[in-house]
Amino acid sequence: MAQDVSPELVRAIAPTGTLRAAINYGNIVLAQKGPDGEPAGVSADLAREMARRLKVPVAFTTYDTAGKVVDAAGGPDAWDMAFLAIDPQRAKTIAYTPPYVTIEGAYMVPADSQITANEQVDRAGVTVAVGRNTAYDLYLSRHLKDAERVFAPTSAEALEVFRRDRVAVVASVRQPLEAYARANADVRLLPGRFMVIEQAVALPTGRPESTAYLSRFVEEMKASGFVADSLARSGQHDATVAPKAALP
């Protein structure tokens, strides 16, 4: 990609003259707090690199759930660039690049649970704790027929609800569940995954030139090793760089 970006495209991507980037701390695979308190991880690295190419400053707004990021789109706390899981419901109001990272959605149950496989979760009487409006909540809203979701404001609080209220299952991103299970012998993860979560750069709809440019940017960042290196630096060795995507 050419390093020089036209003034028109800069204004299209960052209309205020600052790249306003939304960071979701609710997904530890993508975002963490750095030692200086500033956002770190692959999403922050991508935002900083995009700002460098546009030759504008970057301003981060942080959130604790993806749902709050989505809600802020187009509002007074509007962002120009966010990092969200691709979901058809969100795609009604948000444009996406191809994915840059794929992660897994997994289930965790009490160690003595009779549930031993993902396929056994969707049964009458089974309750599933989820963070409201997360990618896996949206997915389960379309795919669970008999099990009942139990909502918490965030994924971290879903774990608390799971333990406190003796909910049968908790659904989340695999990595934090694995860390929790390592520290707590009375729970276990179910084998495999119930979904693949494709993480992409998101931007407001109605900016086709911006979407095209950011899509090319994402593909370059994957191909060059930038995404893989960023994941490694932030300790996210189990996340997978998304495969190459065909662009229009």
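Predicted model: local features only at pLDDT ≥ 70, side-chain atom pairs only at ≥ 80, totals over all residues.
Residues are numbered from 1 along each chain as its sequence is written, and side-chain values use heavy atoms, with hydrogens and water left out.

Tyr139 and Phe194 form a tilted aromatic pair, with 6.1 Å from centre to centre and 45 degrees between the planes. Rings of Phe, Tyr and Trp (its six-membered ring) pair if their centres lie within 6.5 Å; planes under 30 degrees apart count as stacked, over 60 as edge-to-face and the rest as tilted. This pair links distant parts of the chain, since Tyr139 belongs to helix H4 (residues 135-143) and Phe194 to the loop between E10 and E11, 55 residues apart. Helices (H or I, at least four residues) and strands (E, at least two) are DSSP runs, numbered from the N terminus.

The structure holds three aromatic pairs. One of them is the stacked pair of Tyr107 and Phe194, at 4.3 Å centre to centre and 15 degrees between the planes. Tyr107 lies in strand E6 and Phe194 in the loop between E10 and E11, so the pair ties together parts that are 87 residues apart in sequence. Tyr107 is itself buried, at 4% relative accessibility. Tyr107, Tyr139 and Phe194 form one aromatic cluster.

## Strand E6 and its partners

Two strands pair if DSSP finds at least two bridges between them. E6 is joined to strand E11 (residues 195-204) by nine bridges in the antiparallel sense, and within this pairing Tyr96 stands opposite Ala202.

E6 also pairs antiparallel with E9 (residues 169-173) over four bridges, where Ser172 is the bridge partner of Ala106. Three bridges join E6 to the antiparallel strand E10 (residues 187-189), with Met108 partnered by Leu189. Strand E12 (residues 240-241) is paired with E6 through two antiparallel bridges, and Val101 stands opposite Val241 there.

## Contacts of Leu231

Leu231 is found in helix H8 (residues 226-233) and is buried, with a relative accessible area of 3%. Not counting residues up to four places away in sequence, Leu231 touches Val29, Val42, Val101, Gln236, Ala239 and Val241, contact meaning heavy atoms within 4.5 Å. The C-alpha atoms of Leu231 and Val29 are separated by 7.9 Å, although these residues are 202 apart along the chain.

Ser155 lies in helix H5 (residues 155-164) and counts as buried at 15% relative accessibility. Its side chain makes a polar contact of 2.2 Å with the side chain of Tyr136. A polar contact is a pair of N or O atoms within 3.5 Å; within protein, one must be able to donate a hydrogen and the other to accept it, and residues adjacent in sequence count only if both atoms are side-chain atoms. Leaving aside neighbours within four places in sequence, Ser155 is in contact with Gly131, Thr134, Tyr136 and Ser172.

Arg132 lies over the face of Phe151, at 4.1 Å from the ring centre. A charge sits over a ring if NZ of Lys or CZ of Arg is within 6 Å of the ring centre and within 35 degrees of the ring normal.

Note on methods. Buried < 20%, exposed > 50% of the residue type's maximum accessible area, 1.4 Å probe, protein only.
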